[in-house]
Amino acid sequence: MLSSRTKSKASRRLLALTLGLGLASAALGTAVPASAKSADTAAAGSTTAAAARFTGSAEEAAGNAAFFDAVLKSVAKKQAANPSLASVTVYYNASQAPTFRSQISSSTSIWNSSVSNVKLQATTGSADFTYREGNDSRGSFASTNGHGRGYIFLDYAQNRQYDSVRVTAHETGHVLGLPDHYSGPCSELMSGGGPGTSCTNRYPNATERSRVNQLWVNGLAKAVAELNKAH
């Protein structure tokens, strides 16, 4: 996964505001719909290796940091025009992940009903982050494209093993600032694939909901203020 090579003063301030939670890997598995099975034949041999990657790595942690930073800055710039808004809207484009259209919609509904200070909304145009799909030996992950936008990649091979909505909601949790915690119980959404394939919980627990609301409190006013100071 890619990470930001350089960070401006504004970027460092924004990152400091939000990344105190600590970051880990974003790799996770899901259960893919039958319509996608024909697309992942080439990845079948990597399934075991991908499913075992629940401990994370420094590279993936850096990718998560860059991903969240990119989304945060994108949203903060838009929010600067209306810093007093009670909630933030984060726009996503799912056109590059048509197989997971239903899962992405369900994940969006779960998060929008779980937190109040930030909302996810689909768009077909310019977005704060995008969803992608395909085959990758690393499994599913959240990252940044290196140009100020983040993306979530949903891997077919892992998607055959785990609950598809859980993985999508889990990866979307990184958009909202939550780190992985693979040693956690099934009731913890960010425990990801740690509890095993039998875990199908798709909802963030009370602690995770509270953390997201704290990160995006008061329309991201603090981040906007820091961004304005840098200019």
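How are H4 and H6 oriented to each other? The legends below take up this question in a predicted model, in which local features need pLDDT of at least 70 and side-chain atom pairs count only at pLDDT 80 or more, while totals for chains, interfaces and linings use all residues. Residues are numbered from 1 along each chain as its sequence is written, and side-chain values use heavy atoms, without hydrogens and water.

**View 1. The chain and its elements.** The chain holds eight helices and five strands, where helices (H or I, at least four residues) and strands (E, at least two) are DSSP runs numbered from the N terminus. Along the sequence, these elements follow the pattern α-α-α-β-α-β-β-β-β-α-α-α-α.

**View 2. The packing of helices H4 and H6.** Helix H4 (residues 101-114) packs against helix H6 (residues 164-175) at an angle of about 55°, and their axes, which are lines fitted to C-alpha atoms over the stretch in contact, lie 8 Å apart. Angles run from 0 to 180 degrees between N-to-C directions. H4 and H6 are therefore oblique to each other, a word used for angles that are not under 35 degrees (roughly parallel), over 145 (roughly antiparallel) or 65 to 115 (roughly perpendicular).

**View 3. The residues between H4 and H6.** Contact, meaning heavy atoms within 4.5 Å, is made by Gln103, Ile104, Ser106, Ser107, Ile110 and Trp111 of H4 and by Ser164, Val165, Thr168, Ala169, Thr172 and Gly173 of H6.

**View 4. Burial in the chain.** Of the 231 residues in the chain, 52% are buried, that is, under 20% relative accessible area with a 1.4 Å probe, protein chains only.

Note on methods:
Buried means under 20% relative accessible area, exposed over 50%, partly exposed in between (1.4 Å probe, protein chains only).
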